[in-house]
Amino acid sequence: MLLVKNVSLTLGRSRILEQVHVHARPGELCVLMGANGAGKSTLLRTIAGEYMHYQGSIALNGRELHAIPAAEQARQRAVLSQHLALQLPFTAAEVAGMGRYVYRGEAGAQDKAIVTYALRLLQVYDLKDRAYTTLSGGQQQRVQMARVLAQLLEAPDLHATDYTGRKMLLLDEPVTGMDILHQQLSLQLAAQLARRGVLVLAVLHDFQLAAAYAQRIIMLQQGRVQAQGPVDEVLTAAHIRDCFGVEVSVLHHPLCAYPMVVTNTAATLFSSSADKAIKVC
Ligand SMILES: Nc1ncnc2c1ncn2[C@@H]1O[C@H](COP(=O)(O)OP(=O)(O)OP(=O)(O)O)[C@@H](O)[C@H]1O
């Protein structure tokens, strides 16, 4: 269980998170949503132990983050950060293999089997010997997903282990740059991990993907939680208008049980004077 209670965070001179209160249970795929700059990545990074000067409380299974040694935290959770820049000429397999560093220095046979399994699941095994820097953006993102999967798994089989209460996966915009097939594949993997007891917290911008895969959505606005709860309760036209300033309709999906968010293109975002200014530019 992850319990974030009244967490506030200041970076530089700016208050980025304000009295944030969220919780997530093992086995849940929770999605963090909100406009650019709302504080999603900062919240994820704070939970990942990157900003330890937070005020309030962050507890994992009843233990305050401050009390969990960094090495233990690294074995409990895997983090996919936004905009990972790697300049050194590592191969794709070496990058995925970095996920195993938290367990031991030298990669043993089991580590190699897990890395191979993760690369195959993300369909990048055939790229394993390529220099990571020469891969396309979407391919790099799939290798990064393989890295966090390799960090999380205890066996080269997604279904072999029950991770309940032991593992947390933090994903910051995991499907950015991926094509539609690999977006679905990556989120299905995250959902499978959740079914094996992993607590998954993912930042997503796409309402459709959030509706399809989340059990709960947490919507942030200017560093505060604007809404959190089941998909149907949070993905409403009113919450989306408040958080994003966009008029949408929320419809019933004709085939699936989740809601469908469509933008109302008739509602213009520009006043006529702003419109003129754009044309002049
Ligand atoms: N190290 C920092 N120092 C000062 N301000 C920061 C720092 N990191 C982030 N911020 C500010 O905190 C706010 C929230 O940033 P954050 O990256 O968490 O937003 P986000 O919701 O993830 O946005 P996006 O959707 O654009 O990724 C932004 O205004 C950002 O400029």
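Two residues are in contact if their C-beta atoms, placed from the backbone, lie within 7 Å. By that rule Leu169 touches Arg77, Ala78, Val148, Leu152, Ala190, Leu193, Val198 and Val200, with residues up to four places away in sequence not counted. The model is predicted: local features need pLDDT of at least 70, side-chain atom pairs count only at pLDDT 80 or more, and totals for chains, interfaces and linings use all residues. Numbering starts from 1 along each chain as its sequence is written.

**Six-stranded sheet**

- Helices (H or I, at least four residues) and strands (E, at least two) are DSSP runs numbered from the N terminus, and two strands pair if DSSP finds at least two bridges between them.
- An open sheet of 6 strands has the order S6-S7-S8-S3-S9-S10, with mixed pairing.
- Its edge strands, each pairing on one side only, are S6 (77-80) and S10 (224-230).
- Neighbouring strands here are turned by 15° against each other on average, direction ignored; axes are lines fitted to C-alpha atoms, for helices over the stretch in contact, and angles run from 0 to 180 degrees between N-to-C directions.
- S7 and S8 (residues 199-203) run parallel and are joined by 5 bridges, and Asp172 has Val203 in S8 as its bridge partner.
- Helix H5 lies across S6 and S7, at about 175° to S6.
- Helix H6 lies across S3 (29-34), S7 and S8, at about 150° to S8.

**Nonpolar core**

- A nonpolar core is a set of buried Ala, Val, Leu, Ile, Met, Phe, Trp, Tyr and Cys residues joined through C-beta atoms within 7 Å.
- The largest such core has 76 residues, of which Ala118, Leu169, Ala190 and Val200 touch the most other members.
- Helix H5 (residues 137-152) contributes the largest share of this core, 7 residues.

**Glu173**

- Glu173 sits in the loop between S7 (168-172) and H6 (180-195).
- A residue is buried if 20 or more other C-beta atoms, placed from the backbone, lie within 10 Å of its own, exposed if 12 or fewer, and partly exposed in between.
- Glu173 counts as buried because it has 20 C-beta neighbours inside 10 Å.
- Apart from neighbours within four places in sequence, Glu173 is in contact with Gln82, Val203 and His205.
- His205 is 32 residues from Glu173 along the chain, and their C-alpha atoms are separated by 7.4 Å.

**Four-stranded sheet**

- An open sheet of 4 strands runs in the order S2-S1-S4-S5, with antiparallel pairing.
- S2 (14-24) and S5 (63-64) are the edge strands, each pairing on one side only.
- S4 (residues 55-60) and S5 run antiparallel and are joined by 2 bridges, and Leu60 has Arg63 in S5 as its bridge partner.
- Asn6, in S1 (residues 2-11), is not a glycine but has a positive phi of about 50°; with 12 C-beta neighbours inside 10 Å, Asn6 counts as exposed.
- Gln19, in S2, is not a glycine either and has a positive phi of about 50°; with 13 C-beta neighbours inside 10 Å, Gln19 counts as partly exposed.
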